[in-house]
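Work through the following exercises with the sequence and the model side by side, and try each task before reading its solution.

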Amino acid sequence: MDVGSSTEGLRNNAVSRVNLRARGVTIHYWVERANAAFLAVDGIDVDIQEGEFVAILGPSGCGKTTFINAVSGTQAISGGSLTLDGKSIEGPGPDRAMVFQQASLLPWRSVRDNVLFGAQMQRRLGREESARRADHLIKLVGLGGFEKAYPSELSGGMQQRVNLARALATNPRMLLLDEPFAALDAQTRELMQDELLRVWEEEKTTALFITHDIKEAVFLADRVIVFSARPGRIKREVQVDLPRPRGRETRRSDRFREIEDLLHDSIQEEVLAAAKRELARGAA
Amino acid sequence: MTDRAAQREAATRDAVETRVSATPDRIPGQPGPIARYERAIIGTVSVVSFLIFWEVIAQIRLMPELFLPGPSDIWRAYLVLLKTNTLGRDIWVSGQELLVGYGLAIVVGLPFGLLMAWYKRLGFALDPFVNFFFATPRTAMFPLFLIWFGLGLGSKVAIVFLGAFFPIVINTIAGVRNLDPALIRMARSFSARDWDLFRDIVLPGSVPFILSGCRLGLGHALISVVVGEMIGAEAGIGLMMANAGSVFQTARVFVGITIVAGAGVILTLILQKIEARFQSWKPQP
Ligand SMILES: Nc1ncnc2c1ncn2[C@@H]1O[C@H](COP(=O)(O)OP(=O)(O)OP(=O)(O)O)[C@@H](O)[C@H]1O
Ligand SMILES: [Mg+2]
């Protein structure tokens, strides 16, 4: 809404259906030690269209994980409404799948069995079909040959690929990604971003991607939502009108840098504001 | 000069090639030719030396045989006991008591511990009892069991069960409480039901704790069999040892000790095999 007022280059326009709708979503944690409620997310309004790739960008501890957990149905909201295809989100469902900040693989299962875990829990596919799909996805995320390896035998980046393949194996309509590449080195991260876009175009899912890396948000998303520092509020929304498919040239383009700068300033304000607040609290 | 240069060039080429295609002499973690058997060799040598030392001490009779019989004396006592045919019966009786009591403790204790850890309120309700029994020496309950279940198998099965049950329960609870909450959240996000969580996360995730609970429980079970039989029984290794001890047949007491120790070692080995099976995914330390 700030930058590209045009919708060129976007896969979705006004005719597409709203997939996720958040209205005034507020989330509290009960903190036993303080015997008080802690406001983590405050009044989030978001619409995500079918097939859209949306990134949420925000400083550490601003409630990004909390919000995406609410979308996944593992975190109850304390106010507002959160609907998927018009139905209120009451719990986890087969229409969503999460890629976690920590890989969260079962150490006693092989790569293939980890990839199958989600689909198995959702009782989605027959044995034959699921095994075939798992093998296809393992190749898709570049882990061919490691089907029988255990997580302890994989590098961090390889574990995150399994994490991604596990979510894709459930054929979700909406893919939820919580800083999946945050722990990777810069080169591996760019590689994974390329692969994620490739997979996303192939699988045609809606994606909600959380990150605190500005470049990552710009490269991946159709739209970037900036969260304020604690508690999480929407500070700003930016359309990313970079053409798809995106690749190396996208990262080098002037438009890319322009949007990046814009977001950078916006985030910096937030980080400074948060730091000032912390200092004030320390002094008090 | 040119010769030198050529030589140097060849050396560089060699170095590069070595770096590229070298197979290392030894990969860290790969066992050497002897290392594989090191454990068995050193262990055997140390045990055999000890037995020889013991035999020598016993044979020079620093102390009377009544006080310290040597390994050969114990072996002779063992053969005599076998001939009289009561030893087989004693082993059979004690073995039954041990296996039935211990088996029951596992079959009941495991689900008991899982449920207590999983359903918080059930844990609240049962915690006081578990703590009470775990803190009390359970052999103190034996006179009660003699009254309730008599001199036969029943009272010993009960005391073995009680001895093994609580370590298994307490370790199982600790195993469940130590599960990675991120894994539970992950499974929940994929709509896992309670039963799925049990089978695919809680159970495999707490196996190391459960098995060490089983090992602890085994120690308690062995103590319970022996002590129980010494206090009140019609047959069994414990009774045999108590009788032999009261008439200073020291070698027979040692026979009993070796049988109990042997049973402990064999059962522990079986548990270790099971543990290894469950842990094949673990990185080697
Ligand atoms: N279980 C909890 N109990 C109490 N407070 C919590 C809990 N989980 C998170 N919080 C608080 O809520 C706030 C938001 O946490 P959240 O994990 O959503 O942050 P985040 O934006 O994902 O941060 P990061 O980028 O570091 O992952 C934090 O300030 C944190 O202290
Ligand atoms: Mg987070």
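**Exercise 1. Find the residues that A:Cys62 touches, leaving out those up to four places away in sequence, and decide whether A:Cys62 is buried or exposed.**

Solution. Begin with the contacts, where contact means heavy atoms within 4.5 Å: A:Cys62 touches A:Ala40, A:Phe227, A:Ser228, A:Ala229, A:Arg230, A:Pro231 and A:Gly232. Then place A:Cys62 in the chain, where it belongs to the loop between β3 and α1 of chain A; helices (H or I, at least four residues) and strands (E, at least two) are DSSP runs, numbered from the N terminus. Finally, A:Cys62 has a relative accessible area of 1% and is buried, given that buried means under 20% relative accessible area, exposed over 50%, and partly exposed in between, with a 1.4 Å probe and protein chains only.

Before going on, note that this is a predicted model, in which local features need pLDDT of at least 70 and side-chain atom pairs count only at pLDDT 80 or more, whereas totals for chains, interfaces and linings use all residues. Residues are numbered from 1 along each chain as its sequence is written, chains are lettered from A and ligands numbered from 1 in the order in which they are written, and side-chain values use heavy atoms, with hydrogens and water left out.

**Exercise 2. Identify the protein donors of the magnesium ion (ligand 2).**

Solution. Donors are N, O and S atoms within 2.8 Å of the metal (3.2 Å for Na, K and Ca), and water is not among the atoms, so sites may look incomplete. The protein donors here are OG1 of A:Thr65 and OE1 of A:Gln101, lying 1.8 to 2.5 Å from the ion. This pair links distant parts of the chain, 36 residues apart, with A:Thr65 in helix α1 (residues 64–72) and A:Gln101 in the loop between β6 (96–99) and α2 (111–121) of chain A. A:Thr65 is partly exposed at a relative accessible area of 29%, and A:Gln101 is also partly exposed, at 31%.

**Exercise 3. Give the strand order of the open sheet of six strands in chain A, and name its edge strands.**

Solution. Two strands pair if DSSP finds at least two bridges between them. The order is β6-β7-β8-β3-β9-β10, with mixed pairing, and the edge strands, each of which pairs on one side only, are β6 and β10 (234–239) of chain A. Within chain A, strand β7 (residues 174–178) and strand β8 (residues 206–211) pair in the parallel sense over five bridges, and A:Leu177 has A:Phe209 in β8(A) as its bridge partner.

**Exercise 4. Describe the contact between chain A and chain B by its residues and its buried area.**

Solution. Count first: 25 residues of chain A are in contact with 19 residues of chain B. Buried area is the accessible area (1.4 Å probe) that two parts lose on being put together, summed over both. For these two chains it is about 2,000 Å², and carbon and sulfur atoms give 65% of it. On the chain A side, A:Trp108, A:Met121 and A:Arg123 lose the most area to chain B, together 31% of what that side buries.
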